[in-house]
Amino acid sequence: MEQVITLKLKLYRPTQAKREMYQLMADRTTEFANNYLKLDKKDRPRTSKEAKEYSDPLPSAVLCQAVRDIKSKPKARRFKRLWPAFNNQNFRVEKEYTVGGGAVYKVSFPTLEKRVGVPNVVTPYHKKYLDLLLAGKVKQGVARLVKCGKYWYIHLNLTVPVERVQKPEKVMGVDLGLVDLLVASAGGQTLFFPGGGLVYIRRHYADLRKKLQKAGAYKALKELGDKEHRWVKDVNHKISHAVIEFAKFHGVTKIRMEDLTVARWTKAQGKEQRKDHGRSLHYWPYYQLRQFIEYKAALAGIQV
């Protein structure tokens with residue numbers, strides 16, 4: 001059994017010149033993608049050599065991967081942003097040792113100039129999987145050069161083998177809601193994640209959005225949306241991590257989650273409540289939370 005994970009590696013203090021070059025690469029990749037979509041399907045380039053006619057200078061590796069990324073989204077009409085990406089033949093991870101015996105992890109990839117190794121900010125979580133990669137125990141996938149706020153990151157896909165140990169089946173139930181965002185039950189014990197604390201923050205963001213929209217402050221509105229998205233994602237990561245740790249502690253082999261595919265809760269909530277971003281059940285990304293639980297459970301050998 002295998003599971004795909006994404007390591008988000010922050011580039012360590014790239015120079016101003018490098019940051020400008022990364023931005024230029026991202027702009028050119030996006031421009032190429034949108035030029036590509038404007039062409040008739042029979043006229044679209046298939047190789048990097050053909051693609052160069054429709055793009056400002058970019059590494060061949062980036063153009064080839066851009067074509068693959070565009071083809072993977074057949075319904076796309078326009079790309080707001082397509083980040084430069086590199087396959088496993090053009091992207092390398094290296095490990096160097098300092099005089100004091102510490103380890104520095106670097107990545108290297110084609111740029112508009114020469115290929116240069118860039119150090120990364122790594123945590124113990126990153127080190128675990130980077131060492132497995134360097135030892136040939138996990139498969140390297142596509143790496144993307146991504147900007148988040150004012151920082152640049154590498155999003156590196158890895159395919160990790162997962163062993164599922166045969167144990168007597170022990171099931172943990174997980175229910176999702178509003179008063180309690182998530183409730184997990186196993187081994188006669190229950191783990192609660194109250195939703196009340198999140199209500200105030202959701203309302204705060206909703207009020208700010210209204211004020212910025214009224215003022216026509218669209219740049220600030222976008223920055224606010226990005227900030228809220230990062231906050232929500234962080235909350236979902238923390239909840240999913242706690243759920244899996246709870247399951248591991250109780251020896252759970254299978255998690256049964258409430259299926260919210262077609263749930264709308266319209267009967268349980270009034271019109272005013274549904275409009276309230278703090279109280280409405282429709283404003284929390286349960287699907288993202290479920291995805292986080294699924295992939296973290298797979299890494300722990302737990303079925304969902």
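These legends accompany close-up views of a predicted model. Residues are numbered from 1 along each chain as its sequence is written, and side-chain values use heavy atoms, with hydrogens and water left out. Because this is a predicted model, local features need pLDDT of at least 70 and side-chain atom pairs count only at pLDDT 80 or more, while totals for chains, interfaces and linings use all residues.

**View 1. Seven strands in an open sheet.** Let's start with the sheet. Its strand order is E2-E6-E7-E1-E5-E4-E3, with antiparallel pairing; helices (H or I, at least four residues) and strands (E, at least two) are DSSP runs, numbered from the N terminus. Strands pair if DSSP finds at least two bridges between them. At the edges sit E2 (85-86) and E3 (92-97), each pairing on one side only.

**View 2. Strand E2 beside strand E6.** E2 joins E6 (residues 139-148) in the antiparallel sense over two bridges. Look for Phe86, whose bridge partner in E6 is Ala143.

**View 3. Helices H1 and H4 on the sheet.** H1 (residues 16-38) touches E1 (2-11), E2, E4 (103-109), E5 (116-121), E6 and E7 (151-161); contact means heavy atoms within 4.5 Å. The direction of H1 makes about 65 degrees with that of E7. H4 (residues 124-134) touches E1, E3, E4, E5, E6 and E7, and its direction makes about 115 degrees with that of E1. Axes are lines fitted to C-alpha atoms, for helices over the stretch in contact, and angles run from 0 to 180 degrees between N-to-C directions.

**View 4. Helix H1 packed with helix H3.** The axes of H1 and H3 (residues 60-71) lie 10 Å apart at an angle of about 50 degrees. H1 and H3 are therefore oblique to each other; angles under 35 degrees count as roughly parallel, over 145 as roughly antiparallel, 65 to 115 as roughly perpendicular and the rest as oblique. Among the residues that meet are Met25 and Phe32 in H1 and Leu63 and Ile70 in H3. By class, this contact has 10 nonpolar, one polar and one charged residues (Ala, Val, Leu, Ile, Met, Phe, Trp, Tyr, Cys and Pro count as nonpolar, Asp, Glu, Lys and Arg as charged, and the others, Gly among them, as polar).

**View 5. Helix H5 packed with helix H6.** Here H5 (residues 196-215) and H6 (residues 218-249) pack at about 165 degrees, with axes 10 Å apart, which makes H5 roughly antiparallel to H6. Contact residues include Tyr205 and Leu212 of H5 and Leu224 and Trp231 of H6. This contact divides into 11 nonpolar, one polar and four charged residues.
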